[in-house]
Amino acid sequence: MTTPADAETRRAVKPVICYPVETLPAPDMALYDQARRELTKLDEVLVPAREARCFTVPAGHFFRITSVEGPQVGDLNLHNAADLSERFYSGKTRALHGTHITQGERMWSSFPHLRPMATITHDTLGWYGIDAFGGSVHDVIGTRCDPYTHALLSDGGQYHHCCHSNLTRSLAAHLGVPRAEAEPLVHDVLNVFMCTGFTRDTGQYFMKASPVRPGDFLEFFAEIDLLGNLSACPGGDCSSEHSSDTAPCHPLLVEVFSPAEGRLTGWQSPAVNSYDRSHGA
């Protein structure tokens, strides 16, 4: 490989933000903050360690994911409860908001809908920011630990409690369908509480011990009717490895809350994307 004479000039070209977000529809955080001051708990689901569970959230309600016993990360899928083909689009969320998301940012849905599914209304780990390694929390980089990559990297090893398998079993049980039918609906996740980044020298995806502690939570406002599916990752706090039977793991608590009547005056569930879908024809 020959290095060109103008290599440094090429490297010095300034980057351009792909998607400037100044015109992106912004959530009314003042309205959400007012609404969350008076909440009534409607439901809760305790997600066991190394397992996954589904939950539902009506549009206009809040849901909260809490660390309850020890440091634990979770892999979150979201679907439109009435149309499972509309689901969380981690790649577009990453393109719009960056590699990690926090309070005031949104989880966007897949094409052709491309609309907000949920808005983060409170993040007790918002203080973490970006550390000296380039790590941060709540990533939309990783796809979820899965048995296929595990088999690839372990000369055919079989492991069934990866988050992909957990989410598959959970969704199949919730829908009452075979796992083979549920699996294609499982998708790339929001890695709740997970601390990740990219190494500066090789550009590899890394994880490190999550800063989450019991009592920390990530709270969302449901912009549409949601079916959620959360896996308590078998990597625990992800300080050592994925897909582990030895890492200390803990449950995660999902709670669903209703705001007091009248607290969301003027709010409307977002319509599907306005593109006409003609694709130039």
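Which elements of the protein have the lowest and the highest mean pLDDT? Helix α4 (residues 147-153) has the lowest, at 93, and strand β12 (residues 226-232) has the highest, at 99. Here pLDDT is the predictor's confidence in each residue, on a scale from 0 to 100. Over the protein the pLDDT averages 96, and 100% of the residues score at least 70.

The model is predicted: local features need a pLDDT of at least 70, side-chain atom pairs count only at pLDDT 80 or more, and totals for chains, interfaces and linings use all residues. Residues are numbered from 1 along each chain as its sequence is written, and side-chain values use heavy atoms, with hydrogens and water left out.

## Overall form

Six helices and 13 strands occur in the protein; helices (H or I, at least four residues) and strands (E, at least two) are DSSP runs, numbered from the N terminus. The protein is as compact as a globular protein of its length, because its radius of gyration of 20 Å is close to the 19 Å that the globule rule gives for 281 residues. That radius is taken over C-alpha atoms, and the globule rule is 2.2 Å times the number of residues to the power 0.38. Along the principal axes, the C-alpha atoms fill a box of roughly 65 × 45 × 45 Å.

Of the 281 residues, 50% are buried; buried means under 20% relative accessible area, exposed over 50%, and partly exposed in between (1.4 Å probe, protein chains only). Contacts are counted between heavy atoms within 4.5 Å. Among contacts between residues at least 6 apart in sequence, 76% join residues at least 24 apart.

The accessible surface comes to about 14,000 Å², and carbon and sulfur atoms account for 53% of this area. Accessible areas come from the Shrake-Rupley method with a 1.4 Å probe; for residues, only the protein chains shown count as cover. The protein has 22 positive and 33 negative charges, whose mean positions are 3 Å apart. Lys and Arg count as positive and Asp and Glu as negative, while His and the chain ends are not counted; each charge is placed at NZ of Lys, CZ of Arg, CG of Asp or CD of Glu.

## Backbone features

Most residues other than glycine have a negative phi, and most peptide bonds are trans.

| Residue | Phi | Relative accessible area |
|---|---|---|
| Arg50 | near 65° | 18%, buried |
| Arg144 | near 120° | 17%, buried |

Arg50 lies in the loop between β1 and β2 (52-57), whereas Arg144 is found in the loop between β8 (136-139) and α4. A cis peptide bond, with omega about 5°, joins Phe111 and Pro112. The loop that holds Pro112 runs between β6 (106-108) and β7 (116-123).

Glu38 is located in the loop between α2 (29-35) and β1 (39-47). With a relative accessibility of 41%, Glu38 counts as partly exposed. Leaving aside residues up to four places away in sequence, Glu38 touches Ser258, Pro259, Ala260 and Arg263. The C-alpha atoms of Glu38 and Tyr148 are separated by 45 Å, and these residues are 110 apart along the chain.

Thr265 belongs to the segment after β13 (252-259). Its relative accessible area is 63%, so Thr265 is exposed. Between the C-alpha atoms of Thr265 and Leu253, 12 residues apart along the chain, the separation is 29 Å.
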